[in-house]
Amino acid sequence: MEELNKNQSHSPFTQPIRCIVKLGGAAITCKNELEMVNEEILQKVSEQLRQAMIASSEKPPGMDWSKRHGGSEICCNPEEFGDHSATECSRFIVVHGAGSFGHFQASKSGVHKGQLNKPLVKGGFVATRISVTTLNLEIVRALAREGIPSIGMSPFSCGWITSERHISSADLSSVAKAIDSGFTPVLHGDAVLDEIQECTILSGDVIISHLAAYSKPEYVVFLHCSKTDVYGVYDRPPTEPDAVLLKEIAVAEDGSWSVVKPKLQNSIELTVAAHDTTGGMKTKISEAAMIAKLGIDVYIVKAATSHSLRALNGDLRSSIPDDWLGTVVRSAR
């Protein structure tokens, strides 16, 4: 991140970005069912994004003019667009995780460890990209049905390259141009080329921290898994009876972080799921901390709830209400 700060003057983003949203893979997919989208949550999240991005109370015409699974007709009425020509979207960027898409293929083939000369790794690289881009299209279509002019953008196709899993080059001009043209870019965790180990997995969380450093959004929202009564980051696995929701985490200038609210007596346990090739919750907090260090508030909140809508709307920027359930990661300054 220090290297990114040195190159801020080269940012292609010429106008302010309102918000970067991370759709957690476990929230929008059924993580225990291979390549299964959680249609109910995705539809609700898309609806909330529309409410946050488009000021009009009237839903704009849908933009998904392709047949849906099980459907026989294409829904398109060009006449609907006559009265909506002036509808504008706030400048948002959406990034999503893979959930039940991609992780299986990547972990079975060891893509995240590199070595493209191995046939299994090369095959897994292709299989992983087929899977994650399939999910990307489903999310783009869900947003488009809400009238959000969403455009899928894959890091691999946009020339994002890593060096030992850290981003070494990324062409952000295509993302900036898409936003300037009135579109909402939808990026995703992806299999990418690596200068040292030949290939790896680039997580959505790392993508967000890179985008935030250059685009400087007003705020960032992480929408996470919608398991019952799990609202943000906890001091231990939330399945344990004494788990405590961490309401506010402060990040120091050196990137270290501490819990501000509530005051804790015990140490924090952060576990990494065995199947998650992108690092789990510890990575998410570390990436959120790097963003907060830039002076950008990060809200980690349960997807498809009244709490997530308030975060997406930017209602929490002045103060955090006591009845809001989620985790805020912000600069200690």
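**Reading rings and strands in a predicted model**

Reply: Let us start with a charge and a ring: the charged end of Lys302 sits over the ring of Tyr231, 4.9 Å from its centre. "Over a ring" is used when NZ of Lys or CZ of Arg is within 6 Å of the ring centre and within 35 degrees of the ring normal.

Me: What kind of model is this?

Reply: This is a predicted model, in which local features need pLDDT of at least 70 and side-chain atom pairs count only at pLDDT 80 or more, while totals for chains, interfaces and linings use all residues. Residues are numbered from 1 along each chain as its sequence is written, and side-chain values use heavy atoms, with hydrogens and water left out.

Me: How many residues of strand S12 are buried?

Reply: Buried means under 20% relative accessible area, exposed over 50%, and partly exposed in between, with a 1.4 Å probe and protein chains only. Strands (E, at least two residues) and helices (H or I, at least four) are DSSP runs, numbered from the N terminus. In strand S12 (residues 297-302), six of the six residues are buried, so the strand is largely enclosed by the rest of the structure. Asp297, Tyr299 and Val301 point one way from S12, and Val298, Ile300 and Lys302 point the other way.

Me: Which strand pairs with S12 in the parallel sense?

Reply: Two strands pair if DSSP finds at least two bridges between them. Strand S9 (residues 219-224) pairs with S12 in the parallel sense over six bridges, and Tyr219 has Asp297 as its bridge partner in S12. Strand S13 (residues 327-331) runs antiparallel to S12, joined by three bridges; there, Val298 has Val329 as its bridge partner.

Me: How is a pair of aromatic rings described?

Reply: By the distance of the centres and the angle of the planes. Rings of Phe, Tyr and Trp (its six-membered ring) pair if their centres lie within 6.5 Å; planes under 30 degrees apart count as stacked, over 60 as edge-to-face and the rest as tilted. The whole structure holds three aromatic pairs. One of them joins Phe125 and Phe156, with centres 5.7 Å apart and planes at 70 degrees, so the pair is edge-to-face. Phe125 is buried at 8% relative accessible area, whereas Phe156 is partly exposed at 33%. Tyr299 and Trp324 also form an edge-to-face pair, 6.2 Å centre to centre with 80 degrees between the planes.

Me: Which residues form one aromatic cluster?

Reply: Tyr219, Tyr299 and Trp324 do.
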